Amino acid sequence: IEMNFISPALPLADFENLFLEKSKELKEDSRKTWLRRFFDEFLTKKNYEQIRELFSEDVKSFDAMTRKETTGIEDVMKSYQHLHRAFPNSVFAAEQILVAEDNTIFVRWSFKAEHHGVLSSAFGDVQPTGRKVSICGLSMFQFNSAGKVSSFKRYYDAYDVLQQIGFDSEFQKGLARKFADMFSRGDYTGFEDIVSHDATFSEPTNLVIRDRDEVKKHLMGWNKKVQDMKTSVLSIKDAGGHVVLEWKVGGTVNGKAVEIEGVDVYRIRNRKIADIWTMYNNAILLGQVGLLGKKD
């Protein structure tokens with residue numbers, strides 16, 4: 001019995017398409033494996049040398065926290081070293097990997113950590129708080145012809161991170177400290193950066209100053225009256241959209257030593273000081289300069 005086995009003939013184009021399809025699948029599988037290594041070995045285990053195998057030397061990167069785009073593998077390493085210093089026990093996990101066109105892959109990831117180091121952000125530095133952070137984000141990786149990442153972007157709610165570590169509170173207290181420091185030194189450089197254009201300033205004498213420029217003039221008037229002024233912050237507390245700052249001011253008025261204590265309440269709006277209420281015993285001040293007799 002003679003048997004002939006004849007393979008069905010496939011057009012060359014079909015073989016080429018099949019080869020390209022399988023090649024594409026292998027590339028996608030390889031890149032998915034690469035990305036899991038990135039999240040496991042580099043981000044979580046902090047194997048910094050691993051990144052040189054994965055990224056091109058001139059990789060472009062963008063991060064939502066700093067809102068900056070950088071070029072070069074060294075900047076990528078520095079940004080993650082900074083992140084690991086701020087969150088030394090951080091754990092990343094690649095939750096879902098999505099392959100897109102144009103050699104691009106998206107990764108949906110999760111991040112859990114505790115804040116134990118200084119964190120730099122577009123809004124300022126945040127000192128360690130020890131608070132826990134848990135967020136999700138999306139990263140975009142674009143590969144070049146050599147199979148390395150040429151573009152890398154991280155998207156997540158940076159403000160959510162800042163809220164979880166208490167940045168709002170620290171930021172608002174920082175505004176109050178800057179205001180008190182400017183008043184103490186008589187140097188109002190950057191005043192426009194921390195005070196709203198329509199700010200109000202209220203004195204215990206029922207005097208209300210309106211408009212940022214007028215508030216600055218009023219403060220400068222106090223600087224002229226009180227020589228050798230020195231302001232000390234006794235305490236500062238967050239009060240939910242307001243900051244309460246307890247202070248002590250010393251100096252001389254017409255050659256006479258004065259020292260008073262008081263409290264300022266700052267209302268913060270759109271990340272600037274919108275209103276200031278200052279409270280102190282005006283009679284003590286008048287007494288010290290001899291207008292109400294000597295203070296006991």
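The largest pocket of this predicted model has a volume of about 590 Å³. A pocket is found on a 1 Å grid over the protein atoms alone, as an open set of points where a 1.4 Å probe fits, with protein on both sides within 12 Å along at least five of seven lines; its volume is the space filled by probe spheres set on the points, which are joined across faces, edges and corners. Local features need pLDDT of at least 70 and side-chain atom pairs count only at pLDDT 80 or more, whereas totals for linings use all residues. Residues are numbered from 1 along each chain, and side-chain values use heavy atoms, without hydrogens and water.

The lining (residues with an atom within 4 Å of a point) comprises 29 residues, and Asp63, Met65, Thr66, Ser79 and Arg154 lie nearest the pocket centre. Among the elements that give two or more residues to this lining are α1 (12-44), β1 (55-63), β2 (68-71) and α3 (73-86). Helices (H or I, at least four residues) and strands (E, at least two) are DSSP runs, numbered from the N terminus. The most is given by α3, with six residues.

Six strands form an open sheet of mixed pairing, in the order β2-β1-β8-β7-β4-β3; two strands pair if DSSP finds at least two bridges between them. The edge strands, β2 and β3 (91-99), each pair on one side only. The strands β1 and β2 run antiparallel and are joined by four bridges; Ser61 has Thr70 in β2 as its bridge partner.
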